[in-house]
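Dear colleague,

My notes on it follow, beginning with the packing of its helices.

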Amino acid sequence: MCSVPTVHRTARIALRTTPAQRRRCYGLLRSAGDVWAWVIDGNRRLREQHRPEVANFSALCRELTGTTFGDLSRQCAEAVLKNYSTAFFEAVKRKKLGVRAGFPRRKRALVPVRFRKGCFAVDGSRVRLRVAKGPPELWVRLGRAIPYPSGSLRSVTLVAEAGRLYLDMTAEVAVEVHPLDPARFAGVDLGIIHPYAVVTGDEALLVSGRAIRSEERLHLEDTKRRSQKAAGKAPSKGQRGSRRWRRHRASGRRAEARHRRRVRQGQHEAAKAVVSWLVEHNVSTVVIGDPKGITTRDCGRQQNLRLRNWRRTHLMACLKDKAELAGIEVVLVNERGTSSTCPECHKAAPKPRGRSFSCLHCGHTGHRDLVGARNIAARGGGSTRAPARVTHRRAGTVPARRDRRRHLYDERRSCPAPGRPGGPGSRSQASRLGAGSPAPGTVHAVDNGTLRGSHGGCAGCVGLMRRCTSFDVLMRPKSSVCLTAYFAVKQTLVICTKSLRCRAQRRLAGRKGRGRGGG
Ligand SMILES: [Zn+2]
């Protein structure tokens, strides 16, 4: 009987939980954090007494006997100990090799909980997670179908990221069998502008990363604006942050996590497109240019930031994973100098500034990234010709025209455009308050209302103000965006819905509206 080669692959699936399930899941994560802290504290005490630390897995398990940690089952607690033990001995190994390494000494509030086979059961879209004896069973619902055949699941891991719960489902899947040509090589050049440039024979594939770059630029701009806005309200060092400040930090973490998810998704989709293209062209070996060490040299402020934000190891890892699953062999070579060498005459050429490469010696011209990919293929032992046909693909989704972040810094607009239009069923302010225009009788019209501060608000706001007796207009400094235009007229609050676009405004309006009973 011949054995089928298999690989382990993990898919992250969001959980749909009821508030009670959510509380219990967080309880498990906290309990795992307690186990982690328990080992670290125990070993710290041993260090202080100049006794050897305990890191052996079975020794740790023996020490665990008789101790319980909330709802966490014995098997899950052991999984945390296993992680500790692995991290500890990895650090020992690296220290012996003279590499900088740290022992696990930092406590964490939430630690992922791994359920090995037998500690979980899958029933359609529901998963039962084993908890300690006594409390009721814990069932959770998955947000999407499991992408692996049933019976191949080996373990699941409960993780929390920026306030969301996920299950990482690890499965052992058989390597796909495709009719690949053993003599066929392909070179892959990784890049920022084009995440993947692939050449095999005289065919090429260029994946554009414009959408990912656009997402990155918007996110950077958004982060800058948010921190600018909050800078004045930040608690000083040692001062306890207010509830508002905690909320601000949580929203920052959410935005960061959303951005990471979008980029990760875009890169996975791109890698998938590359691997299916490789299978189509019967490529058996793919040579990837490893940009290792690219961040060690100083390339100037802007380029340094670009290189650090470029998730090159993820790009490489997801291509490698998908290629191995498709039965394609992966070879890594150093990519240094591949974009400044001519693939025809193998002489050094000046590094091109734009996208097109031209050789001073033989006059060969071509796309810069494809030239790099051809040189990389040659380093791995493959031979390619100048591409006769180039296929273009896109990675990721372009941020929508109506992306809220586009308008945060658009000074030309008097009012920010809505991120989520107030259509039927949407939770935006316009539909929730049902106040497209102020209710009649709440505004007292006069001829000359005086304006406190300068106001560059929307036409609706300005019009309303002209008709009011007294009001306060709070303006965000140095901005023409109308932040809060609200009018306190005889204890009645009129909200100009046109200016209520950003979340802060909505919250403010909601609070004021509730407090005074009005709008
Ligand atoms: Zn040349």
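Helices α1 and α3 are oblique to each other, where angles under 35 degrees count as roughly parallel, over 145 as roughly antiparallel, 65 to 115 as roughly perpendicular and the rest as oblique. This is a predicted model, in which local features need pLDDT of at least 70 and side-chain atom pairs count only at pLDDT 80 or more, while totals for chains, interfaces and linings use all residues. Residues are numbered from 1 along each chain as its sequence is written.

The axes of α1 (residues 19-48) and α3 (residues 74-96) come within 9 Å and cross at roughly 45 degrees; axes are lines fitted to C-alpha atoms, for helices over the stretch in contact, with angles from 0 to 180 degrees between N-to-C directions. Ala-32, Val-35, Trp-36 and Val-39 of α1 make the contact with Cys-76, Ala-77, Val-80, Leu-81 and Tyr-84 of α3 (contact requires C-beta atoms, placed from the backbone, within 7 Å). These residues divide into 9 nonpolar, no polar and no charged, taking Ala, Val, Leu, Ile, Met, Phe, Trp, Tyr, Cys and Pro as nonpolar, Asp, Glu, Lys and Arg as charged, and the others, Gly among them, as polar.

The pairing of α4 (residues 210-230) with α5 has another geometry: their axes come within 10 Å and cross at roughly 175 degrees, which makes α4 roughly antiparallel to α5. On the α4 side the meeting residues include Glu-215, His-219, Asp-222 and Arg-226, and on the α5 side they include His-248, His-259 and Arg-262. The contact of α4 with α5 divides into 5 nonpolar, 5 polar and 4 charged residues.

Turning to the whole protein, the secondary structure comes to 12 helices and 18 strands, that is, DSSP runs numbered from the N terminus, with helices (H or I) of at least four residues and strands (E) of at least two.

His-50, in the loop between α1 and α2 (57-64), has a phi near 55 degrees, a positive value in a residue other than glycine, and it counts as exposed because it has 6 C-beta neighbours inside 10 Å. Asn-282, in the loop between α5 and β11, likewise has a positive phi, near 55 degrees, but is partly exposed, with 16 other C-beta atoms within 10 Å. Finally, Gly-27 of helix α1 lies 7.5 Å from Gly-70, C-alpha to C-alpha, although 43 residues separate them in sequence; leaving aside neighbours within four places in sequence, Gly-27 is in contact with Gly-70 and Asp-71.

Methods. Two residues are in contact if their C-beta atoms, placed from the backbone, lie within 7 Å. A residue is buried if 20 or more other C-beta atoms lie within 10 Å of its own, exposed if 12 or fewer, and partly exposed in between; C-beta atoms are placed from the backbone.
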